[in-house]
Amino acid sequence: PQLGLSEGGDFLAANVVGRSLFGEEILGNVCLERDAVEGVQGVARLRSQSAGLIKSMGMKLSEVVSKL
């Protein structure tokens with residue numbers, strides 16, 4: 001993106017696609033918005049045919065967010 005949250009923009013949306021070593025695919029949609037009052041907030045959605053892959057990536061995402 002031309003303007004991300006760190007470069008003065010107030011909104012960021014991204015789609016991320018990944019593939020495991022076993023060939024399972026996962027799609028992630030991330031939307032973040034910066035508000036002067038509430039700070040940064042957003043939504044992350046993970047989609048895959050494999051429930052195990054979604055659970056694993058969701059736990060990793062939760063770890064990253066909890067460190068912010």
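User: By class, how many nonpolar, polar and charged residues does the lining of the second largest pocket have?
Analyst: In this predicted model, a pocket is defined on a 1 Å grid over the protein atoms alone, as an open set of points with protein on both sides within 12 Å along at least five of seven lines. Lining residues have an atom within 4 Å of a point. Ala, Val, Leu, Ile, Met, Phe, Trp, Tyr, Cys and Pro count as nonpolar, Asp, Glu, Lys and Arg as charged, and the others, Gly among them, as polar. The lining of the second largest pocket therefore divides by class into seven nonpolar, two polar and one charged residues.

User: Which strand gives the most to the lining of the second largest pocket?
Analyst: Strands are DSSP runs of E with at least two residues, helices are runs of H or I with at least four, and both are numbered from the N terminus. Strand 1, strand 2 and helix 1 (51-66) each supply at least two residues of this lining. Among the lining residues are Ile26, Leu27, Gly28 and Val30. With four residues, the element that gives the most is strand 2.

User: What is the volume of the second largest pocket?
Analyst: Grid points are joined across faces, edges and corners, and a volume is the space filled by probe spheres set on the points. For the second largest pocket, this volume is about 180 Å³.

User: Is glycine 18 buried, partly exposed or exposed?
Analyst: Glycine 18, found in strand 1 (residues 11-19), is one of the residues that line the second largest pocket. Buried means under 20% relative accessible area, exposed over 50%, and partly exposed in between, with a 1.4 Å probe and protein chains only. Because its relative accessibility is 24%, glycine 18 counts as partly exposed.

User: Which residues is glycine 18 in contact with, leaving aside its neighbours within four places in sequence?
Analyst: Contact means heavy atoms within 4.5 Å. The C-alpha atoms of glycine 18 and glycine 28 are separated by 8.3 Å. Leaving aside neighbours within four places in sequence, the residues in contact with glycine 18 are Glu24, Glu25 and Ile26.

User: With which side chain does the side chain of glutamate 25 make a polar contact?
Analyst: Glutamate 25 is in strand 2 and is partly exposed, with a relative accessible area of 43%. A polar contact is a pair of N or O atoms within 3.5 Å; within protein, one must be able to donate a hydrogen and the other to accept it, and residues adjacent in sequence count only if both atoms are side-chain atoms. At 2.2 Å, the partner of the glutamate 25 side chain is that of arginine 19.

User: Why does asparagine 29 count as buried?
Analyst: Asparagine 29 has its place in strand 2 (residues 25-35). A polar contact of 3.0 Å joins its side chain to that of arginine 47. Asparagine 29 counts as buried because its relative accessibility is 15%.

User: What is the relative accessibility of asparagine 15?
Analyst: Asparagine 15 lies in strand 1, and a polar contact of 2.5 Å joins its side chain to that of asparagine 29. Asparagine 15 counts as exposed, since its relative accessibility is 60%.

User: In what order do the elements of the chain run from the N terminus on?
Analyst: Residues are numbered from 1 along each chain as its sequence is written. In this predicted model, local features need pLDDT of at least 70, side-chain atom pairs count only at pLDDT 80 or more, totals for chains, interfaces and linings use all residues, and side-chain values use heavy atoms, with hydrogens and water left out. The chain has one helix and three strands. From the N terminus on, the order is β-β-β-α.

Methods. 1 Å grid on protein atoms, 1.4 Å probe; cavity = no way out; pocket = protein on both sides within 12 Å on 5 of 7 lines; lining within 4 Å.
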